[in-house]
Amino acid sequence: MQLPYNKSATLLKLILYTGKIFMYRFDPMAIHGGPNSEEGPGASSRVAHSAAGLNTTADYHRFTPIDLMSEFTICESFSDPASPYGIILEKPSSYGAMVGDFLVRMGLLKDRSAVCEVGGGYGSLMHGLLGSQETRIKRAYMVDLSLSLMKRQRDRLRPWGSRVTFIRGDIHELLGALAGIDLFIVNEVMGDLDTLTGIDPSHMPPEADELVRSYDLDIPDKPFNLNLGALKLVEAVCRTGIPALLTEHSCDPVIPDDMAYLARDLDLDACPREIKLHRHSEYTIRFSHLVQVARAHGRTVGTGALLDLIPVKKGRSLETIFRLRACDTHDHEIIYEILDHIREYRWLTIS
Ligand SMILES: C[S@@+](CC[C@H](N)C(=O)[O-])C[C@H]1O[C@@H](n2cnc3c(N)ncnc32)[C@H](O)[C@@H]1O
């Protein structure tokens with residue numbers, strides 16, 4: 001089903017309230033130019049203003065079949081309790097189940113909740129979450145821009161049948177229209193959203209200038225990148241008044257007290273940097289900016305290292321492998337690789 005953009009909000013409210021299975025396909029081509037437009041598929045980096053660029057992955061996600069394994073998401077690394085990276089865990093678990101335990105601990109997942117996951121990838125997080133918190137989740141809504149990933153999500157979440165509704169569209173355009181939701185989950189998605197790049201601090205484009213002034217964001221005195229899409233998303237989440245959990249690869253990581261060794265060679269106070277991936281680039285997220293935006297909207301904010309929600313083995317073995325870069329066995333290699341990756345990830349809760 002395809003609808004013109006201006007009918008999307010009304011229809012979406014209808015879908016959320018009727019609770020039927022519904023595949024809503026927002027037609028992005030109506031407003032953004034389709035696969036045959038000049039930009040074509042793949043990520044694009046176009047000039048937003050004379051001095052700054054804009055990195056956007058929207059066309060890449062709309063038109064390209066996506067292989068998340070090449071992106072090494074934390075969620076897919078622990079997609080199943082038997083995943084090889086599970087070797088670092090205290091006990092076998094899936095990422096979705098670990099997220100569920102964390103949400104309950106933080107008081108964010110109440111009984112009979114309607115949960116909306118934005119950018120659900122292969123559906124692994126929601127699979128683990130529904131499997132472990134079945135009684136707490138009354139309904140799940142999956143919002144995604146990618147048709148190919150949405151198909152994967154439908155297959156993966158088939159066991160829960162009509163309890164899951166799939167909505168295809170761009171979260172920036174849909175968020176204001178979402179109602180009847182008790183919790184948003186946005187896991188490893190913000191890095192894909194628009195980023196203003198190469199901003200000259202003395203000649204900022206109006207969107208950057210407005211955000212920096214409104215929220216008193218700290219910026220460097222040399223050219224920098226700004227997480228425009230993530231900041232707008234947090235603004236929009238705050239306006240809904242609905243609680244949210246957001247995670248992503250950060251440029252200002254925090255290190256758990258009992259794993260201080262993970263700080264080695266890390267810049268803990270950097271600006272967003274580019275990560276080149278297959279046919280698109282993502283940017284790391286400056287969480288301190290997101291915290292400032294959410295607080296300015298009067299919301300209660302929590303933040304920390306993603307390792308807070310991933311219970312890893314106690315004892316010295318992980319530390320020894322990380323410190324010595326001891327990769328003489330396959331298991332050591334896996335442990336080193338996942339610790340080195342995960343240490344830069346953060347979570348943010350807004351309630
Ligand atoms: C890096 S993947 C992460 C997938 C999954 N959450 C995980 O952690 O493995 C990003 C996801 O966000 C979706 N996405 C990217 N931009 C989006 C947008 N503007 N609106 C909705 N979904 C978007 C992608 O299609 C994909 O499902």
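Does aspartate 265 count as buried or exposed, and how many C-beta neighbours lie inside 10 Å? Aspartate 265 counts as exposed, because it has 5 C-beta neighbours inside 10 Å. The model in these views is predicted.

**Figure 1. The whole chain of the predicted model.** The chain holds 13 helices and 15 strands. Of its 351 residues, 44% count as buried. Among the contacts in the chain with a separation of 6 or more, 74% are between residues 24 or more positions apart. The views that follow take up parts of this chain.

**Figure 2. The loop with aspartate 265, between strand 11 and strand 12.** Strand 11 spans 244–249 and strand 12 spans 274–277, and aspartate 265 is in the loop between them. Most residues other than glycine have a negative phi. Aspartate 265 is not a glycine, yet its phi is positive, about 60°. This residue counts as exposed.

**Figure 3. The loop with arginine 279, between strand 12 and strand 13.** Strand 13 covers 280–283, and arginine 279 sits in the loop between strand 12 and that strand. Arginine 279 also has a positive phi without being a glycine, with a value near 55°. Is arginine 279 exposed, partly exposed or buried? It has 13 C-beta neighbours inside 10 Å and therefore counts as partly exposed.

**Figure 4. The shell around the ligand.** The ligand has 25 residues around it, and those that come nearest are Thr73, Cys75, Gly119, Gly121 and Ser146. By type, the shell has 11 nonpolar, eight polar and six charged residues.

Figure 5. Ser146 is one of the residues that come nearest to the ligand.

**Figure 6. Helix 5 and its buried residues.** Helix 5 covers residues 95–105, and Tyr95, Gly96, Ala97, Met98, Val99, Gly100 and Leu103 in it are buried. What do these buried residues pack against? They pack against helix 4, helix 6 (124–132) and strand 11. Arginine 105 also lies in helix 5. With 11 other C-beta atoms within 10 Å, arginine 105 is exposed. Its C-alpha atom is separated by 9.8 Å from that of leucine 309, which is 204 residues away along the chain. Glycine 107 follows helix 5 and has a positive phi, near 70°.

**Figure 7. Helix 10 against helix 11.** Two packed helices are described by the angle between their axes and the distance between the axes. Helix 10 (residues 228–240) and helix 11 (residues 287–296) have axes that come within 9 Å and cross at roughly 25°. Helix 10 is therefore roughly parallel to helix 11. Their crossing is right-handed. Helix 10 brings Ala230, Leu231, Val234, Glu235 and Cys238 to the contact, and helix 11 brings His289, Leu290, Val293 and Ala294. These residues divide into seven nonpolar, one polar and one charged.

**Figure 8. Helix 12 against helix 13.** Helix 12 (residues 317–324) packs on helix 13 at an angle of about 85°, and the axes are 9 Å apart. At that angle, helix 12 is roughly perpendicular to helix 13. Leu318, Ile321 and Phe322 of helix 12 meet His332, Ile335, Tyr336 and Leu339 of helix 13. The contact has six nonpolar residues, one polar and no charged.

**Figure 9. Isoleucine 338 in helix 13.** Helix 13 runs over residues 330–342 and includes isoleucine 338. This isoleucine counts as buried because it has 23 C-beta neighbours inside 10 Å. Leaving aside residues up to four places away in sequence, isoleucine 338 touches Ser77, Tyr85 and Ile88. Phenylalanine 72 is 266 residues from isoleucine 338 in sequence, while the two are 9.4 Å apart from C-alpha to C-alpha.

Definitions and conventions. Residues numbered from 1 in each chain as written. Predicted model: local features only at pLDDT ≥ 70, side-chain atom pairs only at ≥ 80, totals over all residues. Near = placed C-beta within 6 Å. Nonpolar A, V, L, I, M, F, W, Y, C, P; charged D, E, K, R; others polar. Helix = DSSP H or I, 4+ residues; strand = E, 2+ residues; numbered from the N terminus. Buried ≥ 20, exposed ≤ 12 C-beta atoms within 10 Å, placed from the backbone. Contact = placed C-beta atoms within 7 Å. Axes fitted to C-alpha atoms, helices over the stretch in contact; angles between N-to-C directions. Parallel < 35°, antiparallel > 145°, perpendicular 65-115°, else oblique. Left-handed = near helix turned anticlockwise from the far one by under 90°.
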